[in-house]
Amino acid sequence: MTWHTLALVALMCMGATGAGGKGTAKDPEKVTWGGLYPRESASREVKSLDGLWDFRLVPLLDQEKGFREQWYKEPLRKSGPVISMAVPSSYNDITQDKALRDHIGWAWYDRTFYVPSRWEVDQQRVVLRLGSAHYNSIIYVNGIALATHEGGHLPIMVEVTTHLSYSQENLITVAINNTLTSSTIPQGTITNYDDPTRYPPGYFTQSYSFDFFNYAGIHRPVYLYTTPQTYVEDILVDTSINGTDGIIKYTITPATTSMGPHRLGDIGCSLKVLDQNRLYVTSAIGCEGTILLTNASLWWPYLMADNPGYQYTLMVSVADPRGNMDVYPQKVGIRSVGWNSTTLTINGEPMYLRGCGKHEDADIRGKGLDYALVVKDFSLLKWLGANSFRTSHYPYAEEIMDMADQEGIMVIDECPAVGLSGFGDELMDKHIEVMEELVRRDKNRPAVIMWSVGNEPKSNQAAAAGYFSKVVSATHAADLTKRPVTCVLNQRMEIDLAAASLDVILVNRYYSWYGDTGHLEVIKLQTITEFTEWHMLHNRPVMISEYGAGSIAGLHTDPAFTWSEEYQAELMVQNFEAFDVLRDKGYFVGEMIWNFADFATPQETFRPWGCMKGLFTRARQPKMAGHLLRYRYWTLAQHLDNATTPQGDWRTNLPFLH
């Protein structure tokens with residue numbers, strides 16, 4: 001057995017208790033619910049653990065060293081040399097060490113922290129929450145393994161109340177393994193090379209079917225937060241519209257710790273509705289109910305209304321007879337999403353998605369959350385006149401999703417199932433679990449208008465039909481707000497077996513890039529023909545979820561040649577002509593270019609450094625394609641949404657537009 005297998009076995013063999021079980025060194029809790037996002041209120045306090053942590057890798061050929069020597073029992077620096085590591089960030093690009101950049105296997109983090117003694121005096125429940133750690137992780141507090149989580153991109157939550165010291169320093173340790181296998185989501189393959197005449201001892205490679213770099217680390221913020229002994233466990237809101245009135249159906253799930261009362265029936269729920277200016281609107285009593293808001297301010301997408309992204313705040317309270325009360329602020333945007341065989345609607349109005357695929361990716365930080373970058377990216381999306389994006393190819397940080405809600409940018413929310421094949425029961429169970437986690441995390445977000453169960457699966461394989469039918473059905477069952485479910489396809493229509501299960505059909509097509517390279521004249525005909533056939537076969541709305549070409553910023557050719565900015569732009573113009581024809585047919589509901597910005601990929605001979613299909617460079621500077629798409633999207637916004645166009649010369653003077 002190779003060390004890669006041993007490393008994963010070590011994690012899996014640590015076992016799990018049921019939900020709410022108390023973790024021990026041999027029996028950590030398997031986490032499948034990341035909890036409500038940590039937000040301060042009159043009853044809750046939030047403490048950040050972000051900053052510089054100590055960090056070290058295990059030796060390449062001894063992946064069990066950290067477990068065998070129990071690195072989690074005391075600070076890492078006592079077990080050997082450590083370096084400082086920024087949290088949140090990917091660890092790969094932080095240093096000049098190639099071994100760190102390309103590392104596959106276990107990496108260890110730790111830091112010490114204090115908690116206020118008043119938390120113990122006030123009998124506060126204390127929760128530890130990591131926004132994301134990629135891929136497999138084990139969380140230790142003061143030497144005890146309290147939680148395990150499989151999969152990156154979704155939050156990890158564990159109650160730590162009884163495991164903390166309130167009079168001295170505490171130690172948190174996180175072990176993370178980024179190894180991908182045929183049964184992980186996403187999938188990967190480890191190949192060992194045993195020829196001693198060609199490869200050094202222990203030489204191996206990890207390969208995967210997706211084209212972005214497999215960044216690893218603690219990618220999102222780490223928080224401690226408190227609640228009273230009786231607290232808000234979860235909130236579900238489902239909104240609809242009746243004329244000018246907004247309807248909010250809500251369900252509050254209260255919970256209590258073993259220190260508090262044991263009967264949930266004794267817990268009362270109530271809420272107050274505040275408007276966007278934090279002024280009181282109305283209130284309600286009960287753990288579930290319906291609120292009617294007359295002349296409600298609706299949540300509209302960017303450029304479809306003068307005040308897009310409008311949100312109310314529900315101040316949700318739960319209380320028990322002993323005087324414990326918890327308050328949680330839950331934002332809610334009142335809107336409705338609908339679909340039929342030809343159309344997507346929002347608030348009863350047809351919507352046409354103008355957007356792009358994106359990545360959480362930037363210099364140095366990799367996939368680590370960076371608030372400045374979040375603000376910059378949304379500024380650029382609005383500069384483009386885009387109204388949407390897809391979280392290709394994994395769930396994005398909750399802080400990014402908050403911004404989408406706030407700015408009125410619609411989101412196709414995608415899970416990490418990229419390039420799947422095999423479609424066995426073990427993979428399906430994990431896939432469904434990921435979708436359930438994603439839906440539970442993002443269910444209340446007005447920006448989320450569609451769930452995507454994956455990207456570019458090998459949907460021509462025989463098992464794909466039953467597999468995707470079950471995954472889509474499970475996603476619908478998890479989402480009580482009833483959004484449409486899709487999967488981004490790339491197989492030929494005549495051999496695809498997944499589309500029949502989908503509500504909306506999204507297809508990636510790169511005419512004149514991966515096929516008929518250089519022949520821009522085929523794009524319009526091939527695009528119109530194929531997307532018409534997809535609709536006719538399945539009687540569903542269709543849209544293009546990826547198209548485009550690579551360009552090296554600053555490379556110019558006349559006439560246009562592949563990899564030049566001119567070729568990328570002229571390819572886009574040919575696609576635009578096809579999209580306009582399809583939109584007029586009444587069943588083509590959107591266009592998303594690939595990609596928002598250049599991003600890092602594995603080392604490959606057919607790419608000059610990374611994926612260069614961006615409208616913007618990795619440093620977020622526009623290429624010719626960015627200016628061109630801005631012209632396209634603002635023209636569409638003016639035509640379809642009666643939007644007021646920007647001041648100044650937004651009609652970029654590109655010669656091939658005339």
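The model is predicted: local features need pLDDT of at least 70, side-chain atom pairs count only at pLDDT 80 or more, and totals for chains, interfaces and linings use all residues. Residues are numbered from 1 along each chain as its sequence is written, and side-chain values use heavy atoms, with hydrogens and water left out. The structure holds one disulfide, a term for a pair of cysteine sulfur atoms within 2.5 Å.

**The disulfide**

- Cys269 and Cys287 form the bond, with an S to S distance of 1.9 Å.
- The bridge links distant parts of the chain, 18 residues apart.
- Cys269 sits in strand β18 (residues 268–274), while Cys287 lies in the loop between β19 (280–285) and β20 (288–293).
- Strands here are DSSP runs (E, at least two residues), numbered from the N terminus.
- The torsion about the S-S bond of Cys269 and Cys287 is about 70 degrees, so the disulfide is right-handed.
- Cys269 is buried, at 5% relative accessible area, whereas Cys287 is partly exposed at 24%.
- Buried means under 20% relative accessible area, exposed means over 50%, and partly exposed falls in between (1.4 Å probe, protein chains only).

- Cys415 is buried, with a relative accessible area of 0%.
- Cys611 is in no disulfide; its nearest cysteine sulfur, in Cys356, is 13 Å away.
- Cys611 is also buried, at 1% relative accessibility.

**The sheet**

- Four strands make an open, antiparallel sheet in the order β19-β18-β21-β22.
- Strands pair if DSSP finds at least two bridges between them.
- β19 and β22 (325–332) are the edge strands, each pairing on one side only.
- Neighbouring strands are turned by 20 degrees against each other on average, direction ignored.
- For such angles, axes are lines fitted to C-alpha atoms, and values run from 0 to 180 degrees between N-to-C directions.
- β21 (residues 312–319) and β22 share eight bridges in the antiparallel sense.
- Met315 stands opposite Pro329 in β22.

**Gln311**

- Gln311 is placed in the loop between β20 and β21.
- Gln311 counts as buried, at 9% relative accessibility.
- Leaving aside neighbours within four places in sequence, Gln311 has contacts (heavy atoms within 4.5 Å) that include Asp275, Gln276, Trp299, Lys331 and Val332.
- Gly333, Asp405, Gln406 and Pro446 are also among the contacts of Gln311.
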